[in-house]
Amino acid sequence: MSSTEALSKPDRATLLEVARASIRHGLDHGRALAVAPADYPETLRVPRATFVTLEHRQRLRGCIGALAAYQPLAQDVATHAYAAAFEDPRFPELRAEEWPGLDIHISVLSPPERLQFDSEAELLEQLRPGVDGLILTFRHYRSTFLPAVWEQLPDPYVFLAQLKQKAGLPLDFWSPELRAERYTAEYFGAAEAV
């Protein structure tokens, strides 16, 4: 399986089960589920980068992931599901009473593609609303928005401005040293996987 090939419905369902099991394991044992990649099909053993997003009562409850692939897909989901529930610094650790109402969403990322531009206008022209996730980097500042963020920020100018702010930069910041990379994501939750 390549790093951009779509996952089958059974693979999606398996990854959602891995995420659920890792969070449940965290509630019961205080650590992520240990995943043996050999126990999974080849499609879930390929290194892929993921983000796991948790919602409780339709509100964000945690989101953790990686932008670059560094471990087998099934392990990546287990690691990030646990981290989203217990290590996202924006939220307290997940409590057992929140478990029944928890919605899990997984984003499997494509490898990032560096964008070439000489102005903010050129960068904005290259963005594909609803399709691209974006990574902005300026010196030690770095941030990303997953493609799903376009649902809340559909205007490319606002999307980019908010991403700058997330990185700790002013909304109107510009520098020729600013770097941008885009990626796509296969996004699914329990309803989409079945």
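I began with strand E3 (residues 102-109) in this predicted model, and I found that 5 bridges join E3 to E8, the two strands running antiparallel. Within that pairing I looked up valine 108, whose bridge partner in E8 is glutamate 186.

Next I looked at helix H1 (residues 9-29), which packs on the sheet and touches strand E1 (49-56), E3 and E8, with a direction that makes about 125 degrees with that of E3. I then turned to helix H2 (residues 73-86), which also packs on the sheet, where it touches E1, E2 and E3, and its direction makes about 35 degrees with that of E1.

I wrote down the sheet as a whole: it is open, has 4 strands in the order E2-E1-E3-E8, and its pairing is antiparallel. Strand E2 (59-65) and strand E8 (185-189) each have a single partner strand, so one side of each is left without a neighbour in the sheet.

My last entry concerns strand E5 (residues 133-138), where 6 of the 6 residues are buried, so the strand is largely enclosed by the rest of the structure. I noted that Gly133, Ile135 and Thr137 point one way from E5, while Leu134, Leu136 and Phe138 point the other way. E5 pairs with strand E7 (residues 179-183) in the antiparallel sense over 5 bridges, and isoleucine 135 stands opposite glutamate 181 in E7. E5 and E6 form a hairpin with 2 residues between them, and arginine 139 in the turn has a positive phi of about 55 degrees.

Notes:
Residues numbered from 1 in each chain as written. Predicted model: local features only at pLDDT ≥ 70, side-chain atom pairs only at ≥ 80, totals over all residues. Heavy atoms only, no water. Pairing = 2+ DSSP bridges. Contact = heavy atoms within 4.5 Å. Axes fitted to C-alpha atoms, helices over the stretch in contact; angles between N-to-C directions. Buried < 20%, exposed > 50% of the residue type's maximum accessible area, 1.4 Å probe, protein only.
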